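Keep the sequence and the 3D view open while you read.

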Amino acid sequence: GNSVTQMEGPVTLSEEAFLTINCTYTATGYPSLFWYVQYPGEGLQLLLKATKADDKGSNKGFEATYRKETTSFHLEKGSVQVSDSAVYFCALSLTGGGADGLTFGKGTHLIIQP
Amino acid sequence: DARVTQTPRHKVTEMGQEVTMRCQPILGHNTVFWYRQTMMQGLELLAYFRNRAPLDDSGMPKDRFSAEMPDATLATLKIQPSEPRDSAVYFCASGLVGGGREQETQYFGPGTRLLVL
């Protein structure tokens, strides 16, 4: 079956630090990969996506590259802000993401201290 | 600014009561998903619909849960009877099939936070 594994949290960083959240996957087909972010009390917002190998998704200073050889989609940001504090979910879909259900990782709680 | 809306946002009920959660997908989207989020299990897909027809409800406990789409602007998730283990946040999401992988995305509502006492 399909599964997503991401690093457990919480991850606590100081403002302006470099961020990496690891994500690896197993899939029965050729997946699209996603990072969603959830702020306290809110729903999930799409942060970025990549639909084929070597694609890089980017948004709001966050980046992730689809690595088929290592089945990974690690999230990075060069300089985090307090406002980045949230829970981050890695996910996969066997389509583009609109046609079938997403398989999510457990989520990584990120805390940025001033 | 098109959004998925869900009602109610919060629901507290007693064990054995019926619970109905409602979702209004983004206008024009043809696929609607229901997910459940708990601390123990994380985010799980319960069911989803395409053009109002159920495509997959394998994630849903069949004996007490039911999901429907009475029309294109309304999806419902019903629990009868509710149990304390149903306490969770229930998310609805909608998406549009077509246009290829780059164009497809799921958009999530704010969720219904359910507590069954």
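## Disulfides

A disulfide here is a pair of cysteine sulfur atoms within 2.5 Å. Before we use that, some housekeeping: this is a predicted model, where local features need pLDDT of at least 70, side-chain atom pairs count only at pLDDT 80 or more, and totals for chains, interfaces and linings use all residues. Residues are numbered from 1 along each chain as its sequence is written, chains are lettered from A and ligands numbered from 1 in the order in which they are written, and side-chain values use heavy atoms, with hydrogens and water left out.

By the sulfur rule, the count over all chains is 2 disulfides. In chain A, Cys23(A) is joined to Cys90(A), with an S to S distance of 1.9 Å. The torsion about that S-S bond is about -70°, so the disulfide is left-handed. It links distant parts of the chain: Cys23(A) sits in strand 4 (residues 23–26) and Cys90(A) in strand 10 (residues 86–93) of chain A, 67 residues apart. Strands, by the way, are DSSP runs of E with at least two residues, and helices are H or I runs of at least four, both numbered from the N terminus. Cys23(A) is buried at 0% relative accessibility, and Cys90(A) is buried with 1%. "Buried" means under 20% relative accessible area, "exposed" over 50%, and "partly exposed" in between, using a 1.4 Å probe and protein chains only.

Chain B has its own link, between Cys23(B) and Cys92(B), whose sulfur atoms are 1.9 Å apart. This one is left-handed too, at -60° about the S-S bond. Cys23(B) lies in strand 3 and Cys92(B) in strand 9 of chain B, so the pair ties together parts that are 69 residues apart in sequence. As for cover, Cys23(B) counts as buried at 1% relative accessibility, and Cys92(B) is buried at 0%.

## Strand pairing in chain B

Two strands count as paired if DSSP finds at least two bridges between them. Which strands does strand 4 of chain B pair with? One partner is strand 5 (residues 42–50), which runs antiparallel to strand 4 and is joined to it by 8 bridges. These two form a hairpin with 3 residues between them. Strand 9 of chain B is also a partner, again in the antiparallel sense, over 7 bridges.

Strand 4 itself (residues 31–38) is mostly covered, with 7 of its 8 residues buried.

There is also an open sheet of 4 strands in chain B, in the order 1-3-8-7, with antiparallel pairing. Its edge strands are strand 1 (5–7) and strand 7, each pairing on one side only. From one strand to the next, the twist averages 20° (axes are lines fitted to C-alpha atoms, for helices over the stretch in contact, and angles run from 0 to 180 degrees between N-to-C directions). Strand 1 is joined to strand 3 (residues 19–24) by 3 bridges, and Thr5(B) has Gln24(B) as its bridge partner there.

## Salt bridges

A salt bridge is a side-chain nitrogen of Lys or Arg within 4 Å of a carboxyl oxygen of Asp or Glu. The whole structure has 8 of them over all chains. In chain A, Asp55(A) and Lys52(A) meet at 3.4 Å, N to O, and Lys52(A) is partly exposed at 43% relative accessible area.

In chain B, Glu44(B) bridges to Arg36(B), with the closest N and O atoms 3.5 Å apart. Glu44(B) is partly exposed at 24%, whereas Arg36(B) is buried at 13%. Another bridge runs from Glu83(B) to Arg64(B), also with 3.5 Å between the closest N and O atoms. Glu83(B) is in the loop between strand 8 (74–79) and strand 9 (88–95), and Arg64(B) in the loop between strand 6 (53–56) and strand 7 (65–71), so the pair ties together parts of chain B that are 19 residues apart in sequence. Glu83(B) is partly exposed at 23%, while Arg64(B) is buried at 7%. Salt bridges with shared partners join Arg64(B), Glu83(B), Arg85(B) and Asp86(B) into one network.
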